[in-house]
Amino acid sequence: SCEWTASRIINLLVDILFMSDIVVSFNSSFYDAVAMLVIDRRQIASNYMRSWFLLDLISSMPADNIVCLFQGIESSGEDGDASTGSVIRTIKLLRIMKMFRLLRITRVLKRWETQAGSRSMTVVIRISKLWMLLAYATHLAGCLFYLIADTTECSANPDGMSKSCTCDSDDCIKGNWLANYDMELYESGTTTSKYMAAIY
């Protein structure tokens, strides 16, 4: 949806946060191969451009907002040719690159861990990394089950008791695991409710 909902605003703020991290990375010193601290801005920029810049840039793109922008152009008739639809599909594929944000967060936490001044802070950062990894794995599993529910069509008995894609009746309905779990949720539930059911 291209409406300015709370989730879309939060996604945009997260995108801005990750894009600002690119600026920080262009101004962050690093240790070279002989353990010398490099503070020259030109060398820092060159090192970042040759390492993580491209991946960071793609994973920071506000893909959802760019898709909405192109959809608005397409619906207004300013550029409603097939090329616009092709661009939208390509940008939608870039959404999967957001998964690489976990690598960026891990790098930031590792940098904090090396700069931590106490052992207790190091332990806190390591525990935080573990919890973030568990939360991210849970999120990916929920997204996978949501995708299955959103794309799979199979037959289900109208009595709601069928737990497979087989059908024993003439008036079968289309369904999947979510339809078998809760038909009302499958037909009229919100995206958030379906996502929570997928995690469950």
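The largest cavity has a volume of about 30 Å³; a cavity is a set of points, on a 1 Å grid over the protein atoms alone, where a 1.4 Å probe fits but cannot get out. Volume here is the space filled by probe spheres set on the points, which are joined across faces, edges and corners. The model is predicted: local features need pLDDT of at least 70, side-chain atom pairs count only at pLDDT 80 or more, and totals for chains, interfaces and linings use all residues. Residues are numbered from 1 along each chain as its sequence is written, and side-chain values use heavy atoms, with hydrogens and water left out.

**Largest cavity**
- The count is one cavity of 30 Å³ or more.
- Its lining (residues with an atom within 4 Å of a point) consists of Asp-21, Ser-25, Arg-104, Arg-107, Val-108 and Arg-111.
- Helices H1 (6-25) and H6 (101-115) each supply at least two lining residues, and H6 gives the most, with four; helices are DSSP runs (H or I, at least four residues) numbered from the N terminus.
- By class, this lining has four charged residues (Asp, Glu, Lys, Arg), one nonpolar (Ala, Val, Leu, Ile, Met, Phe, Trp, Tyr, Cys, Pro) and one polar (the others, Gly among them).

**Second largest pocket**
- The second largest pocket (an open set with protein on both sides within 12 Å along at least five of seven lines) has a volume of about 630 Å³.
- Among its 17 lining residues, Ser-29, Phe-30, Tyr-31, Arg-107 and Arg-111 are the closest to its centre.
- Strand E1 (30-31; a DSSP run of E, at least two residues), helix H2 (41-49) and H6 each supply at least two lining residues.
- H6 provides the largest share of this lining, six residues.
- Eight polar, six nonpolar and three charged residues make up the lining of this pocket.
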